[in-house]
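Here is a short briefing on one protein chain.

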Amino acid sequence: MMPPPSRLLALFTAGNPPPLRRLLQLHGHLLVSGLLSSQSPFGPRLVSAFALTDLASPRPLLHALALLASLPSPPDSASPYNSALRALSLCTHPHLLDRHSLPLYRALLRSGSARPDHLTFPFLLKACARVRERLYSGRAVLAHVTRLGFNSDVFVVNAAMHYWSVCGSIADARRLFDESLVRDVVSWNTLIGGYVRRGLPGEALEVFWWMSEEGTVRPDEVTMIGAVSGCAQLGDMELGKRLHEFVESNGVRCTVRLMNAVMDMYVKCGSLELAKSVFERINSRTVVSWTTMIVGHARLGTMEDARKLFDEMPERDAFPWNALMAGYVQSKQGKEAIALFHEMQEAKVAPNEITMVNLLSACSQLGALEMGMWVHHYIERHQLSLSVALGTSLVDMYAKCGNIKKAICVFKVVPEKNALTWTAMICGLANHGHADEAVEHFRRMIQLGLQPDEITFIGVLSACCHAGLVEEGREFFSLMHSKYHLKRKMKHYSCMIDLLGRAGHLDEAEKLVNSMPMDPDAVVWGALFFACRMHGNITLGEKAAMKLVELDPSDSGIYVLLANMYAEANMRKKADKVRAVMRHLGVEKVPGCSCIELNGVVHEFIVKDKSHVETNAIYDCLHEITLQIRHTTRMIDISATGIV
């Protein structure tokens with residue numbers, strides 16, 4: 001039995017609305033009993049109740065919007081509209097935001113009986129900050145703010161500042177802040193958070209110290225989260241300690257969110273010990289607390305400690321799995337990253353975009369094409385959006401795993417490409433010997449106004465090196481410094497020296513080695529040595545070889561190559577002398593390691609390796625292959641003699 005009308009009104013005005021099932025029953029009762037007439041207060045109250053219940057699900061919100069549109073007459077206040085706008089501003093479904101935010105506001109304006117109030121615009125601007133056409137829609141709403149006289153309301157101004165800090169110019173947010181006659185703690189926090197979000201930590205901390213010195217508003221935990229996050233971006237340990245002391249000496253409430261931010265700051269400033277001391281003092285640790293410590297250990301490469309923390313976690317969502325997986329990838333432990341993903345599947349934790357990016361990076365490290373293709377199929381099967389990060393990872397994986405055609409196909413269909421996407425494609429084309437295409441992509445990237453980085457230049461210089469494009473190589477090597485002001489690293493010099501050396505410009509290559517701002521490494525001297533051997537320059541080749549021996553006397557490869565160079569120049573005595581020195585020093589050739597992927601598992605082998613569980617079967621197979629090769633070779637030799 002339904003309660004009387006007076007009891008129903010009390011039910012709707014209570015702090016927490018009834019659950020959805022109960023609201024649907026009430027809606028049905030009101031319809032049947034005729035209590036949703038044009039003058040009834042129940043309609044607007046029911047709209048607000050639907051909009052405010054179960055914000056995680058879109059169903060109550062859609063019901064609220066449908067009910068609002070079907071009321072016999074528009075509500076006489078903005079309250080139900082505000083409730084629906086609030087729900088939209090918190091909605092996790094972008095298509096609902098795009099479809100309903102501005103139309104709902106227009107319906108309020110057209111209602112004739114209700115007008116926007118000081119609560120309407122904060123919710124509406126928050127929604128505008130998240131819709132696709134956010135710059136256009138937000139500017140239109142801000143024009144209404146001024147026209148309706150709400151531009152001096154502190155709540156509306158704060159919402160406008162947040163909008164500009166997210167969507168437009170942070171300078172506009174600062175202008176609103178400076179012009180505001182009344183500032184509360186949210187005003188300061190919005191500006192500080194805006195600067196941090198835009199990667200301007202210096203400006204954020206400047207505003208924080210101004211706030212603390214002015215003294216009219218006391219910093220709260222949100223203020224300190226912004227300041228500490230800015231410090232984390234700067235990586236300034238001493239400043240971080242000062243901010244931590246400020247929290248403790250000024251009575252700022254030490255919430256778990258704030259302590260998590262302090263831990264993150266210490267991790268990014270390089271002090272895992274200080275982060276650990278904060279972690280141990282948190283009573284109610286969240287998933288973020290544990291994940292931050294896992295990230296800290298992963299940064300230091302102490303993956304055993306990271307795994308131990310992971311195993312001790314009382315509960316886990318996708319984030320700690322991703323953090324540990326990323327740590328394995330950063331530590332070049334691709335096999336462990338893939339094994340962890342299989343554990344994640346067994347634990348029935350749904351992977352997300354970051355999981356897929358980490359997994360593709362592991363596949364790239366291992367050359368695990370089969371596993372990488374499975375990831376690609378998973379992305380398509382689950383209709384994951386091909387974001388910039390995911391698209392770039394797919395291009396990189398296919399290129400590094402040997403399927404450059406598929407990498408090109410993915411590159412073409414990625415809807416949005418950034419500099420990293422172009423770099424992955426350029427490096428992939430270069431590594432597969434498609435030098436002209438790599439150079440063409442590089443020039444196209446520049447035409448689009450994208451900024452190449454050090455890796456991009458390594459890719460295009462490698463392409464020039466493979467194809468002997470000396471003039472283009474000189475041009476790009478010069479562009480690095482003259483136009484893009486990038487610091488040339490060892491790899492750039494080694495590419496350029498290799499290019500010049502292969503083309504026979506040995507004098508220019510030697511001059512470049514001597515002009516390097518850092519001491520040349522083995523790769524640089526190796527490139528020069530190979531060029532000297534190729535062009536028969538024994539004198540310069542000997543110099544490069546001696547430098548290589550100085551850098552690593554135990555490297556067998558350089559002795560072998562030097563002896564071969566002497567032998568090719570008919571300098572037998574010197575060749576024999578090098579081999580004798582090699583025997584005297586006891587230098588042995590380091591065995592190589594090979595990898596093969598089978599059913600998503602990567603197996604490693606070295607010479608005479610018998611550690612694999614299928615060793616006997618492997619050697620039986622090798623024996624059969626050897627016999628087949630001998631038979632085929634013998635048949636070819638017989639054919640060549642003309643006997644057959």
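Two residues are in contact when heavy atoms lie within 4.5 Å. By that rule, residues 24 or more positions apart account for 59% of the contacts in the chain with a separation of 6 or more. Keep in mind that this is a predicted model.

**The whole chain**
- The chain has 644 residues, and buried residues make up 45% of them.
- Its secondary structure comes to 35 helices and two strands.

**The nonpolar core**
- The largest nonpolar core holds 190 residues.
- Leu243, Phe457, Phe476, Ile497 and Leu528 touch the most other members of this core.
- Take Ile497, leaving aside its neighbours within four places in sequence: Ile497 contacts Ala509, Leu512, Val513, Met516, Val524, Ala527 and Leu528.

**Helix H9**
- H9 covers residues 154-167.
- At 1.5 Å a residue, its 14 residues should span 20 Å, and the end C-alpha atoms are 20 Å apart, which agrees.
- H9 is mostly covered, with 11 of its 14 residues buried.
- Among the buried ones are Val154, Tyr163, Trp164 and Cys167.

**Helices H23 and H25**
- H23 spans residues 388-400, and H25 spans residues 419-431.
- Their axes are 9 Å apart and meet at an angle of about 5°.
- Angles under 35 degrees count as roughly parallel, so H23 and H25 are roughly parallel to each other.
- From H23, the residues Val388, Thr392, Val395, Asp396 and Ala399 take part in the contact.
- They meet Leu420, Thr421, Ala424, Met425 and Gly428 in H25.
- By class, this contact of H23 with H25 has six nonpolar, three polar and one charged residues.

Note on methods: Residues are numbered from 1 along each chain as its sequence is written. This is a predicted model: local features need pLDDT of at least 70, side-chain atom pairs count only at pLDDT 80 or more; totals for chains, interfaces and linings use all residues. Side-chain values use heavy atoms; hydrogens and water are left out. Axes are lines fitted to C-alpha atoms, for helices over the stretch in contact, and angles run from 0 to 180 degrees between N-to-C directions. Helices (H or I, at least four residues) and strands (E, at least two) are DSSP runs, numbered from the N terminus. Angles under 35 degrees count as roughly parallel, over 145 as roughly antiparallel, 65 to 115 as roughly perpendicular and the rest as oblique. Ala, Val, Leu, Ile, Met, Phe, Trp, Tyr, Cys and Pro count as nonpolar, Asp, Glu, Lys and Arg as charged, and the others, Gly among them, as polar. A nonpolar core is a set of buried Ala, Val, Leu, Ile, Met, Phe, Trp, Tyr and Cys residues joined through side-chain atoms within 4.5 Å. Buried means under 20% relative accessible area, exposed over 50%, partly exposed in between (1.4 Å probe, protein chains only). The expected span of a helix is 1.5 Å times one less than its number of residues.
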